[in-house]
Amino acid sequence: MAPNRFMTELDFTKTQIAVYIGVMLLSIDALNPIKILCSAVPWLHPWHWASTSLALLVYVVLSEFKQVLYFLVKAFFHSILSIFFRHVEVVGVENVPRFGPVLFTINHANQFIDAVSVLSTCQRKISYLMAEASYKRRIVGDLAWALDVVPVKRAQDEAEQGTGTIAMTEVVRSKDDDSTAVKNQQVVEDAVAIEVLKKETDEKKGDDGDDHDDNNGKQGSSTLATAAAKATEPIKVQGFDTRFTTELGPGDKIRPSGTSFAFKVIQVDSDTELVVDGSGRPSNYDFPVSSNPQPFDALKKVDTAQVFEKVLERLASGGAVGIFPEGGSHDRTELLPLKVGIALIAYSALDKHNLNIPIVPVGLNYFRAHRWRGKAVIEYGRPTMIDASTLPQFQQGGEARRAICNALLEDIERSMKSVLVSAPDYETLEMIHTARRLWQYKKGTLETAEKQDLTRRFAQGYQLLLQHPNPPDDWQALYKRITDYRQTLKELGLRDYQVPALTEEHMERDVLSVKDTWQHPTQVLQVLHYTYQTLHLLFLISVAAIPFLLINLPVGILAGWYAEQRRKRALAKSKVKINAYDVMLTEKVLFCIVAVPTLWIIYGIALRTLTDWNGSTIALCLGCLPLFAYMGIVAAEAGMVDLKDLQPMYMRLGRKTRRRLAALPKVRKELQDDLRAFIKEVGPKYLGPLYYKDKIDWTEVWGTTSATQQQPDPSLFSSPAATQQTEDASAAAAAAAAESTPPTTKKDQ
């Protein structure tokens with residue numbers, strides 16, 4: 001078992017030792033302590049021990065029911081991850097505080113699987129915030145209750161279509177109009193903030209904690225913090241057959257049909273006229289015009305007071321809370337604009353409970369996440385903490401509070417980007433991964449942390465070249481060559497790691513005769529290797545055939561069909577999803593949770609009805625079904641690996657395909673040399689620290705840290721002795737760095 005997944009290596013070793021000792025003692029009567037005591041004390045019988053142990057077990061379970069239930073659900077989810085993912089790798093778990101309150105900010109790229117991934121790989125007990133609509137779903141809601149999840153009511157979940165249609169025109173403001181509009185909006189924001197955050201201190205005023213709900217529409221749009229910093233932009237809304245006075249009020253929002261941006265209502269003048277705030281909208285937003293008015297959705301203001309209080313209670317008791325600040329799951333390759341609620345929670349904890357909460361970013365990087373046996377890399381970043389000297393600005397309320405919360409939100413967004421690999425689209429992301437594999441000098445497999453760092457360098461370097469006013473002349477041509485190389489691999493069904501093994505010598509030669517083959521020692525080894533792989537593949541097929549056909553295949557087909565229907569439904573309802581692939585794996589898991597036990601029950605009924613087996617035999621068969629199902633999955637996966645490795649050999653049988661295979665190693669070598677030469681040439685001029693520095697603080701790459709952030713206390717993460725050792729080592733390293741010459745770059749090694 002991998003460390004830092006379900007338990008540490010030490011805990012896993014202790015558990016193994018305890019289990020083995022227990023089995024040994026129970027297996028030998030002479031060593032069984034219960035039987036020894038029963039023989040030594042005549043009036044003691046085994047049932048005395050059994051009944052006492054049962055009573056104590058019931059007491060412990062009832063007294064610690066939530067803890068036991070959490071442990072069982074976590075164990076169940078851990079098994080789910082091992083079944084549905086081929087690899088789950090964890091990076092940076094040392095950044096998670098071992099004790100005390102902590103906030104996890106997690107990107108939302110795979111619906112409920114995101115929460116399961118963090119829950120199963122983190123040693124802390126985590127309480128999540130979940131949309132109330134999801135909390136009410138069967139199975140999902142039951143599991144959420146077991147994990148002590150806090151349901152959150154969202155405006156977009158209860159959006160209703162408004163009466164009539166609307167057109168919008170931007171207001172030309174005079175100085176007086178501007179100040180009046182801003183004042184009106186501030187009154188609304190202060191009223192909501194008082195209700196949500198400052199129940200105990202009514203003299204303080206603040207912003208609305210849900211300032212930018214549903215503003216997630218455009219990929220790559222400006223962040224919430226940037227939008228919030230803009231001045232209020234009153235926009236006049238003209239209604240046709242509308243009823244604004246009864247359906248809307250200050251603080252509510254309207255969302256024109258077919259868009260994802262919602263405008264906050266500043267004031268309602270009549271049933272057909274109102275004013276909204278247009279700040280933060282996308283720069284290319286198309287307003288509904290009077291010649292073509294559009295329907296609209298009405299989003300009521302949400303009271304988040306109870307949610308905030310529950311979160312603050314958990315933090316005050318030293319708990320860990322997981323939040324998805326993007327607000328909803330999506331399948332985009334970049335972060336959506338963040339909600340300001342996370343900043344309000346952090347500052348409220350500091351204000352009301354004097355708790356400076358570490359805010360730990362968690363990056364969930366998935367590969368083939370919507371398919372069976374994908375891969376996930378879970379990266380925990382360095383915590384962000386509030387600078388306590390900024391608390392008075394939060395306590396002032398109004399624009400001061402809004403500005404300081406937006407500054408903290410920018411820090412949080414930078415920290416989240418530092419644990420993700422972002423790209424404009426999936427095609428670019430795949431190109432970046434291919435370029436990273438072509439460039440790397442280190443033979444063998446890179447460590448996960450190294451791979452993540454290198455991939456981020458390529459992703460950020462691509463963005464720098466793309467945005468540079470005078471990019472290198474030949475970089476677009478190199479980009480096209482990498483894309484063409486990827487397309488060739490896709491057409492041939494190969495992976496990049498297989499290409500170096502396609503030596504030109506044996507690919508160009510026609511199929512050898514048996515006599516010629518034995519005259520070439522290398523050919524003999526190749527024949528033996530391929531023969532072994534073929535026999536191994538046949539063996540795996542025979543092992544996996546029965547459990548795969550009887551247990552896994554029926555459920556897999558039905559789960560795929562069900563997930564596809566749910567994907568289409570989610571895509572139709574969403575304003576931000578591209579293909580809605582983020583819901584597919586979750587729906588497959590939920591379907592399997594119900595379908596797999598149902599299938600086992602059907603098999604049990606069939607065995608009971610159609611055979612004369614006794615109950616013990618049937619129970620044994622049913623008990624072995626989970627093991628057989630998992631063996632079928634593992635064997636089938638290993639068989640697919642063998643099949644992919646054998647595929648180039650089978651493709652040699654075609655003359656045309658053989659020529660294409662023979663040309664690939666040379667194409668790859670030339671592309672690799674040109675890519676390395678290109679990076680060495682443009683790195684000093686265009687890439688800067690991405691090229692020179694061996695270690696990069698990715699939060700600095702995304703911008704300068706604002707005044708709201710301070711470094712966390714190292715004592716939260718380790719023992720005092722370890723902390724002192726770390727400080728001594730850091731001081732020694734700093735002194736050595738001051739006396740040393742600038743280091744050579746990785747690119748020149």
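**Notes on the predicted model**

1. Let's start with Asn365, which sits in strand β13 (residues 359-367); strands here are DSSP runs of E, at least two residues, and helices are runs of H or I, at least four, both numbered from the N terminus. This is a predicted model, so local features need pLDDT of at least 70 and side-chain atom pairs count only at pLDDT 80 or more, while totals for chains, interfaces and linings use all residues. Residues are numbered from 1 along each chain as its sequence is written, and side-chain values use heavy atoms, with hydrogens and water left out.

2. Asparagine 365 counts as buried at 9% relative accessibility (buried is under 20% relative accessible area, exposed over 50%, partly exposed in between, with a 1.4 Å probe and protein chains only). Its side chain reaches the backbone oxygen of valine 419 at 3.3 Å.

3. On to salt bridges, meaning a side-chain nitrogen of Lys or Arg within 4 Å of a carboxyl oxygen of Asp or Glu. The count comes to 18 by this rule.

4. One of them pairs arginine 255 with aspartate 297, the closest N and O atoms being 3.2 Å apart. Arginine 255 is in strand β8 (residues 253-256) and aspartate 297 in strand β11 (residues 296-299), so the pair ties together parts 42 residues apart in sequence. Both ends are buried: arginine 255 has a relative accessible area of 8%, and aspartate 297 has 17%.

5. Then there's glutamate 430 with arginine 486, where the closest N and O atoms are 2.3 Å apart. That pair links distant parts of the chain, with glutamate 430 in helix α15 and arginine 486 in helix α17 (residues 475-492), 56 residues apart. Glutamate 430 is partly exposed at 36%, whereas arginine 486 is buried at 16%.

6. Glutamate 247 bridges to arginine 243, with the closest N and O atoms 3.8 Å apart. Glutamate 247 is buried at 17%; arginine 243 is partly exposed at 46%. Also worth a look is glutamate 160 in strand β5 (residues 160-161), which counts as exposed at 57%. The C-alpha atoms of glutamate 160 and glutamate 247 are separated by 9.7 Å, though the two are 87 residues apart along the chain.

7. Last, the surface: Arg368, Arg371, Arg437 and Arg495 gather in a patch of positive charge (patch members have over 30% relative accessible area and no salt bridge, with like charges joined within 9 Å and nonpolar side chains within 5 Å). Arginine 437 belongs to helix α15 (residues 426-439) and is partly exposed at 33%.

Note on methods
Accessible areas come from the Shrake-Rupley method with a 1.4 Å probe; for residues, only the protein chains shown count as cover. Lys and Arg count as positive and Asp and Glu as negative; His and the chain ends are not counted. The place of a charge is taken as NZ of Lys, CZ of Arg, CG of Asp or CD of Glu. A polar contact is a pair of N or O atoms within 3.5 Å; within protein, one must be able to donate a hydrogen and the other to accept it, and residues adjacent in sequence count only if both atoms are side-chain atoms.
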